[in-house]
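Hi,

Here is the structure I promised to pass on. Have a look, and my notes on rings and surface follow below.

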Amino acid sequence: MATDERARVEAQIEALFASYPPADMPEQQFWGAQYDHGLAWVQFPEGLGGLGVSPRWQAEVNRRIEEAGGSIRNRFNNVLGIGMGAGTLLAHGTEEHQRRFLRPMFTTEEIWCQLFSEPGAGSDLAALSTTAVREGDTWIVNGQKVWNTLAHLAKWGLLVTRTDPDVPKHAGLTYFVVDMEAEGVDVRPLHQITGEAEFNEVYFTDVHIPDDLRLGEVGEGWSVAMTTLMNERVAIGGQVAPRGSGAIAHAVAAWEQTDRDDAVARDQLLAYWIESEAMRLTAIRAGEAAKRGTPGPEGSTAKLHWADLNKSITSFAIDLMGAEGMTYPQGYAFSRPDLTANRTEDPHKAFLRARANSIEGGTSEIMKNILGERVLGLPGEPRVDKNVAWRDVPRS
């Protein structure tokens, strides 16, 4: 079976490269051809960007594309769509949804954002209060979301709303795809300590969403959201960067630029390098689990550890830089990045940006709860609102 799958993947790669040489094609055109050849998500069904083969072959596809001078940066430029939305659409969308959205998502012609967090319901997603009220075949949405990465560039958003306030909080949610260019959608920037505005807050005022943009059944938005979140944690914590890249690259560069020969610092640098490599290998395992269609606690493990490690290593790099590490040469001029800032090459910005790693994509406290309850089987935290209608739960 593996030999047959390899032969199919190899044949499609050869066919793709013969008609669309990666180094000579505009990126979006090449990504479109890659999708059409079933090499976008190889484990997806044929006709939906895949070949229906094991996800293990995706790494081989990506490696071959990069070696041939092509780019796979669409996976970073549209991380919320390709990393989270695609799996959600495949699991809960209709065939019409999948055929409409997946290809322009992969080519980055349509950027996606996630609209989950709210000012009054950050980590407690099920407590959200943005409402969707049905009027015939349309839903009227009102409310506010916050910490929405790339919402200023997005064409489509993944939106969870409250459609029934008279049942317990987890039971009254419904999930939609929302047109971010629709009337009543207001995207406003949130300034970060890096000086950038990668995040946004989004206001919905009488926004109309057709019922055919609903994912899953009415009232079952929680289970759809869980699919998105499991994919999100793999996408964030499970990003497989090249060996020695990312935060550890900043630390190595800072070490090489200093003239100190400090045995303690050298030992610490080696320890961080080894830990980074162990983390990278764990991320590969989490990614493979997700591609098999079973994203699970491996993603939470990777996300939790990645956040702490990133903060520690970027702090270490700043320490190695001495007085220079205390400056911020590029200043705090407002800018709106066209992709997430996690891949910055600047050690000062990397240090500041890493402070958010234990908050974004589910806080470290939430990750610990997931691991404690679902992996270790520990008793859950007391939930006094478990069987109480959302409308009757006290809120500040």
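The charged end of Lys155 sits over the Trp156 ring, 5.0 Å from the ring centre; for Arg188 and the ring of Tyr203 the distance is 4.0 Å. A charge counts as over a ring if NZ of Lys or CZ of Arg is within 6 Å of the ring centre and within 35 degrees of the ring normal.

Please keep in mind that this is a predicted model, where local features need pLDDT of at least 70 and side-chain atom pairs pLDDT 80 or more, while totals for chains, interfaces and linings use all residues. Residues are numbered from 1 along each chain as its sequence is written, and side-chain values use heavy atoms, without hydrogens and water.

The whole structure has ten aromatic pairs (Phe, Tyr or six-membered Trp rings with centres within 6.5 Å; planes under 30 degrees apart are stacked, over 60 edge-to-face, the rest tilted). One of them joins Tyr35 and Trp41 edge-to-face, at 6.2 Å and 85°. Trp41 also pairs with Phe106: the centres are 5.2 Å apart and the planes at 65°, so this pair is edge-to-face. Trp41 lies in the loop between helices H2 (27-36) and H3 (56-67) and Phe106 in helix H6 (residues 95-107), so the pair ties together parts 65 residues apart in sequence (helices are DSSP runs of H or I, at least four residues, numbered from the N terminus). Trp41 and Phe106 are both buried, meaning under 20% relative accessible area with a 1.4 Å probe, protein chains only; exposed is over 50%, and partly exposed is in between. Ring pairs link Tyr35, Trp41, Phe44 and Phe106 into a cluster.

Best wishes

Methods: Helix = DSSP H or I, 4+ residues; strand = E, 2+ residues; numbered from the N terminus.
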